[in-house]
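Me: I'm new to this one. Please pick a single part and walk me through it closely.

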Amino acid sequence: RYRRAALESLLEWLPREKLHTMPRTLNPQGLRALARLAFTENYLRFVARLRRELETATHPESITRASDHSGLPLRNVRPRVVVLANAAGATSGLLTDIGFAARKVLSQLKSPTDVLALLYIGAPADPTTPAEECANLYATLTEINHYADEATSFSARYGGPEGPLLESKSRPYSAVYLVQ
């Protein structure tokens, strides 16, 4: 699949050597780029599922039922998306994409764009922590910090040259919490 038309747009952000060293085990083995590749391939499914879940969760009947079931009073109906992820693993390669995609879905639903990240960072100060984990953590935090700058904009095309384009001038997350 990546030898055809999709290869050219893919090579804009994914070095060719990463593509050629893709493990045959279907395990990303800590490679952040492979997690992002998986996200780009499944972007439309992710966005459709997130939209469906948010529409269900914010439906007035669902809100009433949740309040009745829990016995707690309703504080507000504003949805909040919380992304739970490992900042030191391979999945960290798609964290900014998920944040921007969630913001886009929320804005399309005309809802406040409250997207939070709760990131597990492992034990970076522990000398037994593998160097790859520390490198992934550093790359993840650097990337999130980069896109938190108001002057930085985000742009990505998903699923090949004809796929949807996501552009944003905002940050991917309203807040990022790190848990050791």
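Reply: Helices (H or I, at least four residues) and strands (E, at least two) are DSSP runs, numbered from the N terminus. Let's go with strand 1, where L84 lies. This is a predicted model, so local features need pLDDT of at least 70 and side-chain atom pairs pLDDT 80 or more, while totals for chains, interfaces and linings use all residues. Residues are numbered from 1 along each chain as its sequence is written, and side-chain values use heavy atoms, without hydrogens or water.

L84 is exposed, at 64% relative accessible area (buried is under 20%, exposed over 50%, partly exposed in between; 1.4 Å probe, protein chains only). L84 belongs to a nonpolar surface patch with V82, L118, Y120, Y177 and V179, about 580 Å² of accessible area together. Patch members have over 30% relative accessible area and no salt bridge, and nonpolar side chains are joined within 5 Å. Strand 1 (81-86), strand 2 (115-120) and strand 5 (175-179) each supply at least two of the patch residues.

D114 meets R80 in a salt bridge at 3.0 Å, N to O (Lys or Arg side-chain nitrogen within 4 Å of an Asp or Glu carboxyl oxygen). Shared partners join R78, R80 and D114 into one network. D114 is buried at 9%, and R78 is partly exposed at 45%.

Terms used:
Patch = residues over 30% accessible without salt bridge, like charges linked within 9 Å, V, L, I, M, F, W, Y side chains within 5 Å. Areas by Shrake-Rupley, 256 points an atom, 1.4 Å probe, with all protein chains shown as cover.
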